[in-house]
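Please open the structure in your viewer and keep the selection panel at hand. The stops below say what to select next and what is there.

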Amino acid sequence: MFLKAIFIIATFIEPEKFGANPQSMLWLLPLVAAIAIIYKATKLPVIKAGNFIKEAAILFGSIVIFIVIAALTLHALAWLISG
Amino acid sequence: MAPLSKEKQTLFLLVVGLLAWLVPGAGHFVLRQQKRSMIIFATIVLTFCIGIYIGSIGVIDLYGSTPWYVVGAQVMNTPMVLVLGRLTAGEAYPVFGWPNEIGQIYTSTAGLLNLLCIVNAVYMAHLRGIKVPGG
C-alpha cells in the first residue's frame with residue numbers, strides 16, 4: 001500500500017518525456033472534453049444524464065471540427081504562400 | 001421562505017464564492033446542485049491532475065519565470081496550489097519544453113474553468129436571493 005502510494009506520488013514529480021510531434025497534438029482532446037463538460041454543466045438548466053452527455057458530446061465534436069477546419073485552412077494558406 | 005436581508009445576501013454570495021474557490025464544485029453543492037457539483041469537481045480535479053502528471057508539480061512555478069497570468073489562472077483552481085507553489089520554489093522540480101507547456105496549459109485552463117464555475121455559483125446564489133416566493 002505504502003509502495004503504491006510512493007509510485008503514485010512519483011508520477012507527479014517527474015515530467016513525461018515527449019517532444020513536439022504530430023501525436024502530441026492529441027493532448028488537446030482531453031482538454032476540449034473538460035471545456036465542453038464544464039460549459040454544459042454551468043449552462044444547462046437541469047442536469048439529466050442522457051441529455052447532458054448528448055449536449056457535451058455535440059459541443060466537443062463542434063470544437064474539434066472547428067479546430068480541424070482552422071488547421072486545414074492555415075495549412076492550405078501556408079502551402080499557397082510558400083509554394 | 002423569507003428573502004434574506006441585503007447584508008446577509010452579500011455575505012451568502014461571498015461564502016458561496018469562497019467555497020467554490022476552496023473546493024471546485026462546493027459552491028454549487030451548498031446551493032443543493034449535487035449533480036452539477038460532482039461533475040465540476042471531477043472534471044476540474046482530473047484536468048488539473050492530468051496537467052501535473054504531464055509536466056510534474058514543477059509546472060506550478062509561482063516564484064519563477066512563469067508569466068503572472070499563468071500563475072493567476074493556476075491559483076484559481078484552489079488555494080492548495082499556493083502550497084504546491086511553496087514546494088516547488090527554487091527550481092526544486094525543474095521541467096522544460098513541451099511537457100512544461102502542456103502541463104501549464106492544462107493547469108491554467110482548469111483554473112479558468114473553475115473561475116467560470118465560481119462566477120456561475122455566485123450568480124445562481126444571487127438569483128435564488130432575489131426570487132420572491134410565489135413570484
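Select B:N120 first: leaving aside residues up to four places away in sequence, B:N120 touches A:T42 and B:H28. Bear in mind while looking at these contacts that the model is predicted. B:N120 has its place in helix α6 of chain B, which covers residues 97-130. With the side chains of B:N120 and B:H28 displayed, look for the polar contact of 2.8 Å that joins them. Is B:N120 buried or exposed? Its relative accessible area is 14%, so B:N120 counts as buried, the cut-off being under 20%.

Next, select the two cysteines B:C49 and B:C117, and draw a distance between their sulfur atoms. How far is the sulfur of B:C117 from the closest cysteine sulfur? The closest one belongs to B:C49 and lies 16 Å away, which is too far for a bond. Seen from the other end, the sulfur of B:C49 likewise has its closest cysteine sulfur in B:C117, at 16 Å. A disulfide requires a pair of cysteine sulfur atoms within 2.5 Å, and by this rule the count over all chains comes to 0 disulfides. Colouring by accessibility shows B:C117 as buried, at 2% relative accessibility, whereas B:C49 is partly exposed, with a relative accessible area of 27%.

Move on to B:T78, which is found in the loop of chain B between α4 (68-75) and α5 (80-87). Although this residue sits in a loop, B:T78 counts as buried, at 16% relative accessibility.

B:V23 counts as partly exposed because its relative accessibility is 41%, a value between the 20% limit for buried residues and the 50% limit for exposed ones.

Technical notes
Residues are numbered from 1 along each chain as its sequence is written. Chains are lettered from A and ligands numbered from 1 in the order in which they are written. This is a predicted model: local features need pLDDT of at least 70, side-chain atom pairs count only at pLDDT 80 or more; totals for chains, interfaces and linings use all residues. Side-chain values use heavy atoms; hydrogens and water are left out. Buried means under 20% relative accessible area, exposed over 50%, partly exposed in between (1.4 Å probe, protein chains only). Helices (H or I, at least four residues) and strands (E, at least two) are DSSP runs, numbered from the N terminus. A polar contact is a pair of N or O atoms within 3.5 Å; within protein, one must be able to donate a hydrogen and the other to accept it, and residues adjacent in sequence count only if both atoms are side-chain atoms. Contact means heavy atoms within 4.5 Å.
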